[in-house]
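Here is a short tour for anyone who likes to look at packing up close.

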Amino acid sequence: MAKLKNFIENYLKNQKISDYEGWLALYGKDEEAPFREAKAAADTAYASTRAEHGARASSLYAKGLSGSGYGDYLNHAAYATRQNALTKALREKRAARAENERGYLSYLESALKQEEEQKQAKAKEEQKIFSDLLSQKLLDENSAVTYLKVRGIDEGRARELAKESLNIQKGSRSYVNQLINEAEASNMDYYTAYAYALAKGLDEESAHSAATVAAFRVADRKARYTSGYNYY
């Protein structure tokens, strides 16, 4: 049973605590119990030192002091002692509360700092993985998503990064040149090359430029061929 209790306590202490009451239950000082004990002791002492208390009353009666001013004096003194004890207990209670509040604020600062460090580390690791993805030059979204998931990125975020990667890849000069070369090698005219570039992910302006270059090269090669030039 003791081992189970220790396991539960350790488990709870390793969880993130988001509220003051939860933190107080695990780490804080008990503010009320010492005050209750001090109050109970003060009340007991007060009752036992009053002039009307059994032993005290018997002693005063034996000395002929019952109902005298001395009895009032004893009662006032007992009351003052009780109030002093309660005042001290209240100060200690407030001090414990202040210490608990400082401890909780310190905990929050530490938790927020740790959370921020974890976010920064995650962002840094994600940036490295994304850079690695770009170096793979993958032009298929599903392949890019699979690559990212294998590296530990969840599917939703992997899909976002894959799309971003494709946009970067397809907007690069090397990719545009690749499409121009492919259109030229297939002897495409302008319209065919334009449609091909759009299908490969280029925007209209980039597709127009690529199709124009490819069509010009095809036409130039044909002109050279018909004029008797060898084309390399």
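## Packing, a cavity and aromatic rings

Beyond its neighbours within four places in sequence, S165 is in contact with F130, L133 and L134. Keep in mind that this is a predicted model. S165 belongs to helix 7, which covers residues 155-171. With a relative accessible area of 1%, S165 is buried, because the cut-off for that class is under 20%.

The structure holds one cavity of 30 Å³ or more, and the largest cavity contains about 40 Å³ of space. Its lining consists of L179, I180, A183, A193, Y196, A197, A210 and A211. Helix 8 (173-185), helix 9 (190-199) and helix 10 (204-226) are the elements that give two or more residues to this lining. By class, the lining residues are eight nonpolar, no polar and no charged.

Now for the rings. Seven aromatic pairs turn up in a search of the whole structure. One of them joins W23 and Y27 in a tilted arrangement, with 6.2 Å between the centres and 40° between the planes. W23 and Y27 lie four residues apart in helix 2 (residues 20-27), so about one helical turn separates them.

| Residue | Relative accessible area | Class |
|---|---|---|
| S165 | 1% | buried |
| W23 | 7% | buried |
| Y27 | 38% | partly exposed |

W23 and Y27 also belong to one aromatic cluster with Y20, Y104 and Y107. Elsewhere on the tour, the charged end of K93 sits over the ring of F35, 5.1 Å from the ring centre.

Technical notes:
Residues numbered from 1 in each chain as written. Predicted model: local features only at pLDDT ≥ 70, side-chain atom pairs only at ≥ 80, totals over all residues. Heavy atoms only, no water. Buried < 20%, exposed > 50% of the residue type's maximum accessible area, 1.4 Å probe, protein only. Contact = heavy atoms within 4.5 Å. 1 Å grid on protein atoms, 1.4 Å probe; cavity = no way out; pocket = protein on both sides within 12 Å on 5 of 7 lines; lining within 4 Å. Points joined across faces, edges and corners; volume = space filled by probe spheres on them. Nonpolar A, V, L, I, M, F, W, Y, C, P; charged D, E, K, R; others polar. Phe/Tyr/Trp six-rings, centres within 6.5 Å; stacked < 30°, edge-to-face > 60°. Lys NZ or Arg CZ within 6 Å of the ring centre and 35° of its normal.
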